[in-house]
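Colleague: Could you walk me through reading aromatic contacts in a model? I'd like the general idea before each case.

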Amino acid sequence: MERFYVTTPIYYINAEPHLGHTYTMVVADTLARFYRAKGVETFVVTGTDEHGDKIAAIAAAHGENPKLYADRMSPLFQQAWQECGFLVDQFVRTTDPRHEQLVQEFLQRVYDNGDIYFSRYAGLYCTGCERFLTEKELVGGNCPDHKRPPEPIEEENYFFRMTRYLPAVQQYFEAHPDAIYPEHYRNEVLAMLASGGIGDLCISRPKTRLDWGIELPFDRRYVCYVWFDALISYVSGLKMRGDDTFHAFWPTAHHVMAKDILKPHAIFWPSMLLALRLPLFRRLLIHGYWVRGEAKMSKSLGNVIRPLDMKQQFGIDTLRYFLLREMAFGQDASFNEDAFAARANADLANGLGNLASRVLSMQQRYFDGQVQPLDPPTAADDDLQGAFAQALVEVPEWTEQLAFHRALEALWRALDHANKYVVDTAPFTLARERQQLPRVGGILHRLLECLYTTATLLAWFLPETSQKIFSLLGVTAPVRLPTSLGWGEHFPIGHRVQPPITLFPRIDLQKEATPRA
RNA sequence: GGCGGCGUAGCUCAGUUGGUUAGAGCGAGGGUCUCAUAAUCCCUAGGUCACUGGUUCGACUCCAGUCGCCGCCA
């Protein structure tokens with residue numbers, strides 16, 4: 001059986017879920033639903049990253065111990081994703097004993113293989129970044145990201161002999177051109193590897209400075225550095241379901257993430273896997289940032305859009321549609337209310353929503369909701385069917401290539417065609433003459449088929465809407481993504497469809513803006 | 001500083017291996033129908049394709065340089 005394993009990063013619990021997290025989730029969810037529709041067995045892992053200096057500091061600032069803070073924050077993510085309806089097979093918390101045990105087991109294994117050594121290190125440490133900075137990285141003596149001076153620290157630590165594995169990592173990426181997508185990021189990784197500037201990785205923190213982390217099994221005076229801990233969640237998430245699950249899914253691993261954490265995933269992680277004698281992941285899928293004005297959408301800079309607020313105000317599918325339609329996967333995109341409302345109104349309310357509404361309304365008005373036989377097709381009928389046949393081919397193709405915006409664009413070309421078909425064939429005019437009713441019935445039957453195919457192709461993009469349309473049509477969704485339209489086979493003659501509902505209310509920003517008090 | 005990318009209509013972008021009047025969507029303006037969520041559908045945008053040189057019969061599309069923006073690395 002074919003399988004597909006997709007992960008998101010485990011999210012750092014220093015802030016609430018924001019738009020960037022939500023986009024990553026939407027992508028992972030869309031991919032999982034797509035492969036599922038194709039009959040592929042899927043597994044999704046996400047979670048929360050709960051260790052590290054920063055968490056300890058935030059918890060202390062709240063007067064809490066870190067574990068309690070984590071126990072309070074982690075569910076915010078879990079619940080948000082659940083309310084958004086994202087498929088999640090395993091939610092990993094790095095404070096879960098099963099995860100901690102695996103991290104220790106892996107550390108021990110790497111240590112036993114001689115890939116971990118002890119050494120003194122002096123440097124400038126930024127608690128915001130949770131890493132040492134070089135002098136050259138500083139801007140005016142400050143960390144460029146956190147705008148404050150790092151602390152000079154000298155200490156003894158454990159190091160992972162990453163340099164030993166870098167040549168093999170490089171070979172792997174050269175031999176597997178699609179392992180990092182988009183290609184732009186693959187080139188960056190290859191450049192990084194070729195530069196020779198990558199050293200071994202410090203994987204410990206002395207407890208004297210920080211004790212909120214997983215203890216090193218071979219030296220209890222130290223805890224594990226966050227990346228070594230966090231990356232292993234991709235394995236522990238599967239192992240929590242048993243070794244069979246791990247063996248079945250691991251070779252198909254697709255890691256979705258934003259571009260800021262490319263390096264740990266493309267350099268540290270494959271090195272760790274090689275040191276652990278585990279197969280490498282299948283692909284890294286790198287997306288860009290949602291920018292709003294000048295500042296990037298980041299947890300430390302505020303500027304947050306809360307997913308649950310968006311869902312409550314506009315519905316999860318409207319948010320999904322905007323995110324998937326507006327961002328070319330891999331590139332940055334901008335988020336603002338005007339673009340959001342424009343997109344939603346033009347494509348969802350006026351396009352898809354109105355089409356469903358007018359078709360179901362006519363079916364109700366002229367035939368009491370009962371589906372009529374197809375009549376012999378005209379040229380216009382053939383064109384319409386051709387448009388949807390093309391969508392049936394293009395939408396899955398673009399999805400497979402992660403070009404979600406193109407996939408949706410392709411589907412909307414067909415929908416636009418359907419709206420035009422209504423005007424061209426004018427069933428509402430024909431219906432005035434009794435002898436034309438068979439033709440009206442044939443036209444409406446075809447339009448119902450348009451909605452059927454649309455719902456089929458929306459299953460992984462807008463699952464809620466897809467279900468709503470099938471339910472309005474009074475039929476069940478196909479079990480498997482069909483390879484041909486099958487028009488004429490979905491509605492028995494006399495089958496009754498439902499009267500229209502408003503799938504997507506038009507968004508009026510001025511109205512939305514007022515009741516803020 | 002090194003490597004790489006980008007700069008096309010008000011906005012977001014397409015523009016394949018160089019070739020007749022440079023395209024789409026949205027927004028805006030005008031019109032139409034009336035089944036529909038005042039939605040649909042039709043018409044309308046005259047933009048030095050950043051700038052300057054070069055190659056060519058001919059370049060938005062190739063080359064060099066300039067300016068501006070950005071990414072990665074140092």
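**Reading the rings**

Modeller: Happy to! Let's start with burial: a residue counts as buried under 20% relative accessible area, exposed over 50% and partly exposed in between (1.4 Å probe, protein chains only). Here Tyr 11 is buried, at a relative accessible area of 5%, and Phe 77 is buried too, at 0%. This is a predicted model, where local features need pLDDT of at least 70 and side-chain atom pairs count only at pLDDT 80 or more, while totals for chains, interfaces and linings use all residues. Residues are numbered from 1 along each chain as its sequence is written, and side-chain values use heavy atoms, with hydrogens and water left out.

Colleague: How many aromatic pairs does a search of the whole structure find?

Modeller: Rings of Phe, Tyr and Trp (its six-membered ring) pair if their centres lie within 6.5 Å; planes under 30 degrees apart are stacked, over 60 edge-to-face, and the rest tilted. The search finds 38 aromatic pairs. In one of them, the ring centres of Tyr 11 and Phe 77 are 6.0 Å apart with planes at 20°, so this pair is stacked.

Colleague: And which rings do ring pairs link into a cluster?

Modeller: Phe 4, Phe 34, Tyr 35, Tyr 181, Phe 329, Phe 404, Trp 460 and Phe 461.

Colleague: Which charges lie over a ring face?

Modeller: The test is NZ of Lys or CZ of Arg within 6 Å of the ring centre and within 35 degrees of the ring normal. Lys 239 sits over the face of Phe 246, 4.8 Å from the ring centre; Arg 406 sits over that of Trp 398, at 5.8 Å.

Note on methods
Chains are lettered from A and ligands numbered from 1 in the order in which they are written.
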